[in-house]
Amino acid sequence: MKVAISLPDNLFEDAERLVREAGTTRSELYRMALEHYIARHDTDRIREAIDSALKNIEAPETDFANAAARRVLERSEW
């Protein structure tokens with residue numbers, strides 16, 4: 001799919017420099033940047049990855065551990 005976007009000149013120039021240095025295409029650079037952004041900000045995907053990892057950990061659940069984990073997560077910036 002083709003998409004047209006507007007960028008500030010300095011951001012475009014920085015992106016062009018990265019394209020040359022990486023030996024890639026502009027489309028590939030923007031695709032990778034968007035994938036990284038989505039991966040960092042898609043809380044459902046992050047939660048699924050954490051849940052999946054936790055399923056592989058054999059640790060007994062306790063009320064104390066659950067409460068402590070909840071407090072840590074509530075204080076974390078997502």
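Biologist: Start with Val3. Is Val3 buried or exposed?

Modeller: This is a predicted model, to begin with. Val3 is exposed, because its relative accessible area is 66% and the cut-off for exposed is over 50%.

Biologist: Where is Val3 in the chain?

Modeller: Val3 sits in the segment before helix 1.

Biologist: And which residues make the nonpolar surface patch of about 440 Å²?

Modeller: Met1, Val3 and Ile5 make that patch.

Biologist: Which residues lie nearest its centre?

Modeller: Val3, Ile5, Ser27, Tyr30 and Arg31, out of 13 residues that line the pocket. Val3 and Ile5 also belong to the nonpolar patch.

Biologist: How does the lining split by class?

Modeller: Nine residues are nonpolar, three are charged and one is polar.

Biologist: Different spot now. Which helix has Ala67?

Modeller: Ala67 is in helix 4, which covers residues 63–75.

Biologist: Why is Ala67 called partly exposed?

Modeller: Its relative accessible area is 25%. Buried would need under 20% and exposed over 50%, so Ala67 falls in between.

Biologist: Last one: what separates the C-alpha atoms of Ala67 and Glu48?

Modeller: A distance of 20 Å, with the two residues 19 apart along the chain.

Notes:
Residues are numbered from 1 along each chain as its sequence is written. This is a predicted model: local features need pLDDT of at least 70, side-chain atom pairs count only at pLDDT 80 or more; totals for chains, interfaces and linings use all residues. Side-chain values use heavy atoms; hydrogens and water are left out. On a 1 Å grid over the protein atoms alone, a cavity is a set of points where a 1.4 Å probe fits but cannot get out, and a pocket is an open set with protein on both sides within 12 Å along at least five of seven lines; lining residues have an atom within 4 Å of a point. Ala, Val, Leu, Ile, Met, Phe, Trp, Tyr, Cys and Pro count as nonpolar, Asp, Glu, Lys and Arg as charged, and the others, Gly among them, as polar. Patches are made of residues with over 30% relative accessible area and no salt bridge: like charges are joined within 9 Å, nonpolar side chains (Val, Leu, Ile, Met, Phe, Trp, Tyr) within 5 Å. Accessible areas come from the Shrake-Rupley method with a 1.4 Å probe; for residues, only the protein chains shown count as cover. A salt bridge is a side-chain nitrogen of Lys or Arg within 4 Å of a carboxyl oxygen of Asp or Glu. Helices (H or I, at least four residues) and strands (E, at least two) are DSSP runs, numbered from the N terminus. Buried means under 20% relative accessible area, exposed over 50%, partly exposed in between (1.4 Å probe, protein chains only).
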